[in-house]
Amino acid sequence: IDAFEAHMAANDKAGAYLYFDQGYTEAAATVQTLIDNAMRLMLVGVAMFLLASMLFLLLFARRVSAVMRSMRLLGVSKRKTWLESLGMLVMQELIAVLLGNGLAVILYDRITAQLLSGTPALDPASIALCAGVQLAVLVAAGSIWMHRIAGENLMQRTSIPKLKSAAAAA
């Protein structure tokens, strides 16, 4: 409004318009606080997503690395080993993303129904986009990690502790 009034004053038409902002100027501070809180909540959600994703990938990699090593020792190529592990990972990630987004929609509906008089409708395209981004991030991170595990040198020493021989113990 101020920029428009300055323009009108420059053209000798100041005060020609009457403005009604429906009380926005009084509510501007409250609206900004709501925006700031929503941003903090989003950042916490992103941090929790990344933390849960890292934990899932770490646990999956620990479980599948021995299987991948065994496959490689049996003569299966690095690429085939990588694709097999990636196939297992993508299926688990797809199920997790679908369940997670489904539960998020249900929680959103229930929480907003209790807090607000009407529930704002969710856009299915936005939910699908978020699910797609989540799946893409998980698949990319998992793909890189599984490729690294599949390409490990089979001749390097493992971290299995050495057993003491009977002669050394005596």
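This is a predicted model: local features need pLDDT of at least 70, side-chain atom pairs count only at pLDDT 80 or more; totals for chains, interfaces and linings use all residues.

Trainee: How do the axes of α3 and α4 cross?

Mentor: One reads the approach of the axes and the angle together. Here the axes of α3 and α4 (residues 124-150) come within 9 Å and cross at roughly 155°. Angles over 145 degrees count as roughly antiparallel, so α3 is roughly antiparallel to α4. The crossing is right-handed.

Trainee: Which residues of α3 and α4 meet?

Mentor: On the α3 side they include W82, L86, L89 and V97. Their counterparts in α4 include L135, L138, G142 and M146.

Trainee: How many aromatic pairs does a search of the whole structure find?

Mentor: The search finds one. It consists of F56 and F60, with 6.2 Å from centre to centre and 25° between the planes. Planes under 30 degrees apart count as stacked, so this pair is stacked. Both residues belong to helix α2 (residues 24-73), and because they are four residues apart, about one helical turn separates them.

Trainee: Where is T112 found, and what does T112 touch?

Mentor: T112 is found in helix α3 (residues 78-115). Leaving aside residues up to four places away in sequence, T112 touches T119 and P120. The T112 side chain also reaches the backbone oxygen of D109 at 3.3 Å. With a relative accessible area of 10%, T112 is buried.

Conventions:
Residues are numbered from 1 along each chain as its sequence is written. Side-chain values use heavy atoms; hydrogens and water are left out. Helices (H or I, at least four residues) and strands (E, at least two) are DSSP runs, numbered from the N terminus. Buried means under 20% relative accessible area, exposed over 50%, partly exposed in between (1.4 Å probe, protein chains only). A polar contact is a pair of N or O atoms within 3.5 Å; within protein, one must be able to donate a hydrogen and the other to accept it, and residues adjacent in sequence count only if both atoms are side-chain atoms. Contact means heavy atoms within 4.5 Å. Rings of Phe, Tyr and Trp (its six-membered ring) pair if their centres lie within 6.5 Å; planes under 30 degrees apart count as stacked, over 60 as edge-to-face and the rest as tilted. Axes are lines fitted to C-alpha atoms, for helices over the stretch in contact, and angles run from 0 to 180 degrees between N-to-C directions. Angles under 35 degrees count as roughly parallel, over 145 as roughly antiparallel, 65 to 115 as roughly perpendicular and the rest as oblique. A crossing is left-handed if the near helix is turned anticlockwise from the far one by less than a right angle, and right-handed if clockwise.
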